[in-house]
Amino acid sequence: MSGETPVGQPEWPPARGMGRFGTARTLLAGGGACAPPDGPCVHDVRGKRVLVQGSDDAAAGTPTVGSGRLQAVIFDVDGTLADTERDGHRPAFNEAFDRHGIDLDWDVEHYGSLLRITGGHRRVAADLKDRGWDPDEADRVALEIHKTKTALFVERVNAGAFDPRPGLTEFVDGLVEAGIRIAVATTGRRDWAVPLVRHLIGDVVEVMITGDEVTRLKPDPEAYLLALQGLGLDASSAVALEDSAVGTAAAAGAGLATIVVTNGYTVGQDFSAAAMVLPGYDEGSADGTVQGDLGPLTAQRAIDLHAAWWRYH
Ligand code: XBP
Ligand code: MG
């Protein structure tokens, strides 16, 4: 998604009658070729250039349908890999407002309410319009602010301002040890998402879809569908890791079983579409959705949950 981000995209939660998503098969049907098969390459997914690091399945461009085994985990970024919203994006937006001479300062609570609008540019534009700005002017200024905010956020990422959520590193290590592949599907911009993900979990990510590759942001399932296509997997072979109801709707819309790790902004949201809700990687069930066995999220637990989910779906 580039500077000309359509601002007509629905907010979350959707109004009555909205929120209809395509199915995984619709987007997977296109396939694609990627060579060489066993080295990093750029994979053509529906005309979009997506980085794929050495995946035979992706090279074949053919989804591995219904293998039954958990083969990949697709991670959201903001709020899921690190707590980046309240003390990361929010102050960067505020500094950008300041630099552009706009008398606006998003406090913690107001920013939380704006998170229903995915995509920084759309978030700024919507708030300016709410404050009575002319819509065209709001869109124009929002683009400028977002450009500045992206540059400021990249600086913070490169300065090492963000740590992985507790228990994430151990979970990812366990996935790698178990031979489970890792992908990312975020609606944030590639400029900061790539260095942030590398900083948080290293070079284990095979396919990375960002807001730059999609035409519609979450809760639309496009980012997850593109990640599945990049992996060459059917939705039944993967699990999504999310922190928010918007993201869970996107993952569920792609047909994925979803594990939720909540945070301060998202705890209490409606996660009825999720397979499991946890307060973090290193803690047990948040709300009784899992019976007994409270403990850290491990690769084995993800494997078991995935198997159980697909026994009943
Ligand atoms: C969260 C978002 C993003 C970020 C800000 O993405 O909706 O808009 O808040 O990033 P996710 P940008 O949870 O899918 O990672 O300003 O780059 O949009
Ligand atoms: Mg998120």
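Here is a friendly question-and-answer walk through the predicted model shown above.

Visitor: How many helices and strands are in the chain?
Guide: This is a predicted model, in which local features need pLDDT of at least 70 and side-chain atom pairs count only at pLDDT 80 or more, while totals for chains, interfaces and linings use all residues. Residues are numbered from 1 along each chain as its sequence is written, and chains are lettered from A and ligands numbered from 1 in the order in which they are written. Helices (H or I, at least four residues) and strands (E, at least two) are DSSP runs, numbered from the N terminus. The chain has eleven helices and eight strands.

Visitor: What percentage of the 313 residues is buried?
Guide: A residue is buried if 20 or more other C-beta atoms lie within 10 Å of its own, exposed if 12 or fewer, and partly exposed in between, with C-beta atoms placed from the backbone. Among the 313 residues of the chain, the buried share is 47%.

Visitor: What span does α6 reach from its first C-alpha to its last?
Guide: Helix α6 covers residues 135–158 and has 24 residues. The expected span of a helix is 1.5 Å times one less than its number of residues. For α6 the expected value is 34 Å, and the actual reach is close to it, at 34 Å.

Visitor: Which helices do the buried residues of α6 pack against?
Guide: The buried residues of α6 include Ala138, Ile145, Phe153 and Val157. Two residues are in contact if their C-beta atoms, placed from the backbone, lie within 7 Å. The partners of the buried α6 residues are α3 (85–99), α5 and α8 (190–201).

Visitor: Are α5 and α6 roughly parallel or oblique to each other?
Guide: Axes are lines fitted to C-alpha atoms, for helices over the stretch in contact, and angles run from 0 to 180 degrees between N-to-C directions. The axes of α5 (residues 120–130) and α6 come within 8 Å and cross at roughly 140°. Angles under 35 degrees count as roughly parallel, over 145 as roughly antiparallel, 65 to 115 as roughly perpendicular and the rest as oblique. The angle therefore makes α5 and α6 oblique.

Visitor: Is the crossing of α3 and α6 left-handed or right-handed?
Guide: The axes of α3 and α6 are 8 Å apart, at an angle of about 130°, which makes α3 oblique to α6. A crossing is left-handed if the near helix is turned anticlockwise from the far one by less than a right angle, and right-handed if clockwise. For α3 and α6 the crossing is right-handed.

Visitor: How many nonpolar residues does the contact of α6 with α8 have?
Guide: These two helices pack at about 15° with axes 9 Å apart, so α6 and α8 are roughly parallel. Their contact includes Phe153 and Val157 of α6 and Trp192 and Leu196 of α8. Ala, Val, Leu, Ile, Met, Phe, Trp, Tyr, Cys and Pro count as nonpolar, Asp, Glu, Lys and Arg as charged, and the others, Gly among them, as polar. By class, the contact of α6 with α8 has three polar residues, one charged, and nonpolar residues numbering six.

Visitor: Which residue just after α9 takes a positive phi?
Guide: Helix α9 spans 222–231, and ten of its ten residues are buried. Most residues other than glycine have a negative phi. Just after α9 there is a positive phi of about 75°, and the residue is Gly232.

Visitor: Where is the peptide bond from Lys218 to Pro219, and what is its omega?
Guide: Pro219 is in the loop between β5 (205–209) and α9. Most peptide bonds are trans. The bond from Lys218 to Pro219 is cis, and its omega is near 15°.

Visitor: Why does Phe271 count as buried?
Guide: Phe271 sits in the loop between β7 (257–261) and β8 (276–278). Leaving aside neighbours within four places in sequence, Phe271 is in contact with Ala245, Thr248, Val260 and Val277. Phe271 counts as buried because its C-beta neighbours inside 10 Å number 23.

Visitor: What distance separates the C-alpha atoms of Thr248 and Asp76?
Guide: Thr248 belongs to helix α10 (residues 245–253) and counts as buried, with 28 C-beta neighbours inside 10 Å. Thr248 and Asp76 are 172 residues apart along the chain, and their C-alpha atoms are separated by 9.6 Å.
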